Amino acid sequence: MTAIAPPDPITVEAFFAPPTRIDARISPDGTTVAYLGPWRDRLNVFVRDLDSDWPDADSPDDLATRRLTSDDHRSIDTFFWSPDSRYLLHLQDADGDENHHLMRVDPARPDEPAVDLTPAPGARVLGSQFCADRPTSVFVQLNPRRPDLIDLIEIDLVTGLSTPVAESTGDTIAWLRTPSGRVLGIGIAEDGTQLLSEHAEDGIRAIGRFSGLDHPFGLLPCVPTPDGSGLWIGSPRGSDRTRLVRLDLDTGEEIGVDSHPVFDLDAQRPAVDPRFAPPLIVHPVTGALLGARYLGERQVIHALDPHFAEVLPRLAELSDGDLAHASCDDTARRWVVDFTHDRDHRVTWSYDHDTGTARRLFRPHAHLDPDRLAPVIPVTVRSRDGLDLPCHLTLPVGVEPRDLPTVVLLHGGPWYRDSWGYDPEVQLLANRGYAVLQVNFRGSTGYGKAFTQAAIGEFAGRMHDDVIDALDWAIAQGYTDRDRVAIFGSSYGGYAALVGAAFTPGRFAAAISYTGMSDLVDLTQRVVPVARKAVVNSYGRYIGDPGDPAQAADMLARSPISRVDDITAPVLLIHGANDVRVHRSNSDRIAEALRARGAEVEYLLNEREGHWFVNPDSNIELYRTLERFLARHLGGRVPDEG
């Protein structure tokens, strides 16, 4: 096998070391920018005066920058301002256990430690919101009484005092409070129907029922209107596409607000991945609706406010990427924004609408030259049964795009989607000389509900056929060497990689499962208590009921563990020991079975991570292991090895 030598190899550290700064958010008073930056190799929360100079990186001697958190154990990835700009709040769990606590820091007292606002042991913050009528409080969905019971709790930001607002008896799985003080609960009927009701002192009043088939993860988005009389939600009722509607809380009527003729409202992806901006752009203090995001091959934003209609085109001029996170002050005149881009990730700008001036604040990965990175190309492949499969093809720079070793890279979920943008995983693989093929197989979200629902009962069936069909397309186009193909993914994508190795063993020269499930029965039986009711429309509807013997037998038949003896390709397993979504036993058992018969298997188990590796050193170890594994079996280059 001839080794590949793409030009200008880039180190794993360059791709996976912490960014110099990322996730900038302007304070509502318009004076300060908060962002994540590295401290002791972990991302922490910093603040800097907006009008100060912005050097390429922070310096300990720079008085314009203040570090507010000091977490040297685990990187922070989610934070937000209080509406009065007095506090910053962030989430943190312990080694990937997903029991997130809500922490408070005070920018005026950067030397004081973070205050845990939700200190109950084992409890998990499942959501938080601010309400304009209670400006010094945050409302939190939390399970402090029992793991399976989610309550709504008001927390005073100044004192930290918690006051129960509503307690679940087991029927309510989510809560929402409107700015007018109305308390709303969401439950699920036995058939999966989503039930929205109002909880008041004089009883519970039903508002609406929503198809669990059409809303497998609830009402997304679900944002109260400023006057408290309605909710802005995504709805596919009577349509294949998800549009934006206003739900009247008195009548239960859905009233159309906005839609796109072809694209879905980009609702599901941000709900499960905080790296992506929410589907609705709202005013940070008043809650007024400013805009809505739709996603096809590229993003489209509809301005729904006259002032934002003036601002939006000025923001769009700043980049040839797609507007990502956008924050503004309480006048909506000063903005801090960043952009999705396939080769220049999250470049961050400030914009002042009064003066019409803009300034680039920073590039998170200034050491990466966009010209050395590979363009991500959207393509569409027709499945064997006539579905259009949206895919993304990334080809190595400086290498003839013929007969390339190829990595088929599959997303998790499967209720998720790959989209155009920067992914360090993709760029690392392309830099090593691999073509990267990402497949949005049936079951992916954002392409209409029929495309998602086509995956019901099709785990290891037509969902895998879609992957094979996309691979055959890449071979037929001449991009891919059919004898040098690896299949790789995380979570559901890890399961799909094991399915590829076990169900179609002749098609892949290597397989990599990153926190992938190998046993669908085990997956569904181990759902954490707080989520058990909620998965009836996802796991229950798409995979099956392990309590039904016939369905359990079918689930096992669709599980790679049942065909482990058919695996012939080398396998790399990657897992976080603290994974609460896919228990580590799913990788343990595959490793044990393959080793028992002398098959080639490598197993990277990280004791300080969960379902996704968060810390930079964990990811550097992961991707060093990955590049060496692929080089052995597909012939790509590892820079340190010549």
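What share of the 642 residues in the protein is buried? Buried residues make up 59% of them, where buried means under 20% relative accessible area, exposed over 50% and partly exposed in between (1.4 Å probe, protein chains only). A word before the close-ups: this is a predicted model, in which local features need pLDDT of at least 70 and side-chain atom pairs count only at pLDDT 80 or more, while totals for chains, interfaces and linings use all residues. Residues are numbered from 1 along each chain as its sequence is written, and side-chain values use heavy atoms, with hydrogens and water left out.

View 1. Helices (H or I, at least four residues) and strands (E, at least two) are DSSP runs, numbered from the N terminus. Along the principal axes, the C-alpha atoms fill a box of roughly 65 × 60 × 45 Å.

**View 2. Phe459 meets Tyr492 edge-to-face.** Rings of Phe, Tyr and Trp (its six-membered ring) pair if their centres lie within 6.5 Å; planes under 30 degrees apart count as stacked, over 60 as edge-to-face and the rest as tilted. The count comes to 17 aromatic pairs by this rule. Here the ring centres of Phe459 and Tyr492 are 5.3 Å apart and the planes stand at 80°, so the pair is edge-to-face. Phe459 belongs to the loop between α5 (449-453) and α6 (462-476), and Tyr492 to helix α7 (residues 492-503), so to speak 33 residues apart. Phe459 is buried, with a relative accessible area of 1%; Tyr492 is buried too, at 3%.

**View 3. Tyr514 and Phe613 link distant parts of the chain.** Their ring centres lie 5.3 Å apart with planes at 75°, so this pair is edge-to-face. Tyr514 is in strand β34 (residues 510-514), and Phe613 is in the loop between β36 (601-606) and α12 (616-634), 99 residues apart. Both Tyr514 and Phe613 are buried.

**View 4. Rings in a cluster, and arginines over rings.** Tyr35, Phe46, Trp54 and Phe362 are joined into a cluster by ring pairs. A charge sits over a ring if NZ of Lys or CZ of Arg is within 6 Å of the ring centre and within 35 degrees of the ring normal. Arg48 lies over the face of Trp54, 5.5 Å from the ring centre. Elsewhere, the charged end of Arg269 is over the ring of Phe276, 3.9 Å from its centre.

**View 5. Arg346, a buried residue in a loop.** Arg346 is found between β26 (334-340) and β27 (348-352), with a relative accessible area of 6%. Contact means heavy atoms within 4.5 Å. Beyond its neighbours within four places in sequence, Arg346 is in contact with Ile22, Asp23, Arg275, His325, Asp338, Phe339 and Pro364.

**View 6. Helix α6, mostly covered.** Of its 15 residues, 11 are buried, including Met463, Asp466 and Trp473. These buried residues pack against β29 (376-382), β30 (388-394), β31 (404-410), β32 (435-439), β33 (480-490) and α7. After α6 comes Gly478, with a positive phi near 90°.
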